[in-house]
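Colleague: I would like to learn how to read a structure like this one with some care. Could you take me through the features one at a time, giving the general idea before the case at hand?

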Amino acid sequence: MKSGDVPEGVDFADLERQIAYCAYCPKMCRFACPTALVRPSEALHPTGKATILWRLLKGATPVSRDVAEVLYRCTGCMLSRSFCDHEIQVYPPIERARMLALASGTAPNGVQEAMGSVHTWGNPFGGNLAEAFYQEVPPRWVQPEAQVLVFAGCATLEADPGVLAHLAAVLELLRIDTVGFLPPDPTCCGGICLDLGDEEGFRKAASALVPRLSSAKRILTLCPHCYYTLKARYGWLDSSLANRVEHVTEFLWRFLDRMQPVEGAVPEALLYHDPCYLGRHMGVFDQPRALLRKIVPQGGLLEFPRRGHRAECCGGGGGLPFSFPEEARAIAKRRLAGSPGPSPPAVVSACPWCTMMLREAHPQGVAMDLVTALARSICQ
Ligand code: SF4
Ligand code: SF4
């Protein structure tokens, strides 16, 4: 296949109507797109992206490097939808168009390298992430047959593996003995493969993971991207998963009454950042806040002015840290610049990608996962 050719079997004609809405829209959401805000360009606003998708759909443009550079500048954050009267999602057709870009060799180099790592190592970061799992998870918690199974996910293992030990400590303290951690084979749910246009990689990862989850009554994910993938993208393999998967904050929220926070164990004020995939994608806004309210003094839960459905993205989604890492970091800096007060206080999120991005954006500051904050507060 020559560069720019469209491979057979990838089609997004069913999304024609929503692409058309965007392509002919008077740019009602143009102020919202994080990728266009850090790299001002008409092509990067949702309307610009949709115009390119429209031209691809109509065969009016080949999948060139320039086209791929636009397609891969989207974090899948869905923020544009929060300002769209038609509630259009820009990301689904972008994901499909990325399949064309990856297959035609026009995807950015970082994307091709990440997908190479998936095929070599089973994760997009490269290296053996299983080591981090066994360093952090106490042996008695490694229980692949548990009724409630924790799937660690590759981003947690790469960016914030300590959260696994913190979760084990919280479960121990709360006397929840039905939970076990799934050994990390595979380490990746394959969601990042779909994000970056590798459907084959996604199907391979899903086919390896789903049989390992079949006997669990409930599956907990630490990463909202795994949550979204297992719940919304695995239906072709196991339709029961949609009702069995939840984010760890939803699970722990049921045990609020058992939590006894220790005064002074965490900063008095914690600023919550809504992960796009936990909030806008999966609708989980309240449970993380309830958990945080439990461990800070009254009034100590701080909010960004832009929060909930209108929360700004941290730059970690849609594979942007692989395709355009500098721009991903610039988005994270923008997010922190929108903190209340003169400088960002300790920031808490509930996603390893967010933690990674916010830490990188503010190396002198504190950015941690909610499970880590909980462990510090109640496991003294
Ligand atoms: S997402 Fe909605 S508001 Fe934004 S360009 Fe598309 S149609 Fe217009
Ligand atoms: S999903 Fe997010 S990054 Fe992508 S076009 Fe919409 S606002 Fe921009």
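Modeller: Let us begin with what it takes to be near a ligand: a residue is near a molecule or strand if its C-beta atom, placed from the backbone, lies within 6 Å of it. This is a predicted model, in which local features need pLDDT of at least 70 and side-chain atom pairs count only at pLDDT 80 or more, while totals for chains, interfaces and linings use all residues. Residues are numbered from 1 along each chain as its sequence is written, and chains are lettered from A and ligands numbered from 1 in the order in which they are written.

Colleague: How many residues surround ligand 2, and which are the closest?

Modeller: Ligand 2 is surrounded by 15 residues, of which Cys33, Cys74, Cys77, Ser80 and Val90 are the closest. Helices (H or I, at least four residues) and strands (E, at least two) are DSSP runs, numbered from the N terminus, and the elements giving two or more residues to this shell are helix H2 (34-38), helix H3 (46-57) and helix H5 (79-82). For classes, Ala, Val, Leu, Ile, Met, Phe, Trp, Tyr, Cys and Pro count as nonpolar, Asp, Glu, Lys and Arg as charged, and the others, Gly among them, as polar; by that scheme the shell around ligand 2 holds ten nonpolar, four polar and one charged residue.

Colleague: Which residues are closest to ligand 1, and which helix gives the most to its shell?

Modeller: Here 14 residues surround the ligand, with Cys22, Cys25, Met28, Cys29 and Cys84 the closest. H1 and H3 each supply at least two residues of the shell around ligand 1, and H3 gives the most, with three residues. The classes in this shell are ten nonpolar, three polar and one charged.

Colleague: How should I read the packing of H1 against H3, and at what angle do they pack?

Modeller: Two packed helices are described by the angle between their axes and the distance between the axes. Axes are lines fitted to C-alpha atoms, for helices over the stretch in contact, and angles run from 0 to 180 degrees between N-to-C directions. Angles under 35 degrees count as roughly parallel, over 145 as roughly antiparallel, 65 to 115 as roughly perpendicular and the rest as oblique. Helix H1 (residues 16-23) packs on H3 at about 135°, with the axes 8 Å apart, and the two are therefore oblique to each other. A crossing is left-handed if the near helix is turned anticlockwise from the far one by less than a right angle, and right-handed if clockwise; H1 passes H3 in a left-handed crossing.

Colleague: Which residues meet where H1 packs on H3?

Modeller: Two residues are in contact if their C-beta atoms, placed from the backbone, lie within 7 Å. On H1 these are Glu16, Ile19, Ala20, Cys22 and Ala23, which meet Pro46, Thr47, Ala50, Thr51, Leu53, Trp54 and Leu57 of H3. This contact divides into nine nonpolar, two polar and one charged residue.

Colleague: Are H17 and H21 roughly parallel or roughly antiparallel?

Modeller: Helix H17 (residues 286-295) and H21 pack at about 25° with their axes 10 Å apart, and they are therefore roughly parallel to each other. Pro288, Leu291, Leu292 and Ile295 of H17 make the contact with Leu370, Ala373, Leu374 and Ser377 of H21. Seven of these residues are nonpolar, one is polar and none is charged.

Colleague: At what angle do H10 and H21 cross?

Modeller: Helix H10 (residues 162-173) and helix H21 (residues 370-378) have axes that come within 8 Å and cross at roughly 45°, which makes H10 oblique to H21. Their crossing is left-handed.

Colleague: Finally, where do Pro186 and Glu87 lie?

Modeller: Pro186 is in the loop between strand S2 (179-181) and helix H11 (191-196), and the peptide bond from Asp185 to Pro186 is cis, with omega near 10°. Glu87 lies in the loop between H5 and helix H6 (91-103), and has a phi near 50°, a positive value in a residue other than glycine.
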